[in-house]
Amino acid sequence: MNTLGYPSAGLGILIESTGIPFPGETLLLLAGAWAAASHHSIALVVFFGFLGATIGADLGYLLGYRGGRPFVERFGSTLRIKPEHLARAELFFARHGDKAIVGARFILGLRTWASMLAGMARMPFWRFQVFSALGGLMWALLIGLAGYFLGSNLALIEAVVRGVGIGGLVVIALIAAVLLMAQARVSRLR
């Protein structure tokens, strides 16, 4: 972070949004924490995160639009992608492309491939651009501010970890996961 500064906030997500598995979210979190710990601007961190997400998504869209379908048709069996999977993805983007582009920003794995799938499905670029920018801005705000909050509270987090210990944190995380799963199950039964 000290070497690249603010652009590091967008570099990781630019690479990830292009379609290359890369820890873009982690880099933005770290950039937010760096901004808090070093008294730098969180607004610039969020801006560069947004910029990287938008440009990377545009590149991913272009790759999907220009070469995605022929690539998948040629090497799909190696990647375990069947023609019916591609047809379902195209139908899905025709119906729900707007929501998918915004929502994909928040889902690990899908964030990497959503732009390419939108290009392969021939989603109109202007429409893709609007929802990609909206999702990128929401994502950069959420992740950047989360990192900033963590960076602002490093002493508190360190004290909690030291006091509870790693085992205690694992137990707390397991309890939280069980409660969330129980809540989801109750919601499904209603």
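**Reasoning about burial, rings and helix crossing**

User: Where does Ser115 lie?

Analyst: Ser115 is part of helix H5, which spans residues 110-120. The coordinates belong to a predicted model.

User: What makes Ser115 count as buried or exposed?

Analyst: The relative accessibility of Ser115 is 5%. The term buried applies under 20%, so Ser115 counts as buried.

User: Which residues is Ser115 in contact with, leaving aside its neighbours within four places in sequence?

Analyst: With those neighbours set aside, the contacts of Ser115 are Ser17, Ala57, Gly60, Tyr61 and Phe128.

User: Which residues in H1 and H5 meet?

Analyst: On the H1 side these are Ile13, Glu16 and Ser17, and on the H5 side they are Arg111, Thr112 and Ser115.

User: How do you know whether Glu16 counts as buried or exposed?

Analyst: Glu16, found in helix H1, has a relative accessibility of 1%. Since the limit for buried is under 20%, Glu16 counts as buried. Beyond its neighbours within four places in sequence, Glu16 is in contact with Phe22, Pro23, Gly24, Glu25, Leu108, Arg111 and Thr112.

User: How many aromatic pairs does the count come to?

Analyst: There are five aromatic pairs by the rule of ring centres within 6.5 Å. One of them is formed by Tyr61 and Tyr65, with 5.9 Å centre to centre and 15° between the planes.

User: What makes the pair of Tyr61 and Tyr65 stacked, tilted or edge-to-face?

Analyst: The 5.9 Å between centres is within 6.5 Å, and the 15° between planes is under 30 degrees, so the pair is stacked. Both tyrosines lie in helix H3 (residues 42-75), and their spacing of four residues is about one turn of the helix. Ring pairs also join Tyr61 and Tyr65 with Phe125 and Phe128 in a cluster.

User: Where does the charged end of Arg122 sit?

Analyst: The charged end of Arg122 is placed over the ring of Tyr65, 4.0 Å from the ring centre.

User: What phi does Arg122 have, and what phi does His39 have?

Analyst: Most residues other than glycine have a negative phi. Arg122 has a positive phi of about 60° and is not a glycine. His39 likewise has a positive phi of about 60° without being a glycine.

User: How do you know whether His39 is buried or exposed?

Analyst: His39, in the loop between helix H2 (24-37) and H3, has 73% relative accessibility. This value is over 50%, so His39 counts as exposed.

User: Where is confidence lowest and where is it highest?

Analyst: Confidence is lowest in helix H7 (residues 154-189), at a mean of 72, and highest in helix H6 (residues 125-152), at 89. For the protein, the mean pLDDT is 80, and 86% of its residues reach 70 or more.

Technical notes. Residues numbered from 1 in each chain as written. Predicted model: local features only at pLDDT ≥ 70, side-chain atom pairs only at ≥ 80, totals over all residues. Heavy atoms only, no water. Phe/Tyr/Trp six-rings, centres within 6.5 Å; stacked < 30°, edge-to-face > 60°. Helix = DSSP H or I, 4+ residues; strand = E, 2+ residues; numbered from the N terminus. Lys NZ or Arg CZ within 6 Å of the ring centre and 35° of its normal. pLDDT = per-residue confidence, 0-100. Buried < 20%, exposed > 50% of the residue type's maximum accessible area, 1.4 Å probe, protein only. Contact = heavy atoms within 4.5 Å.
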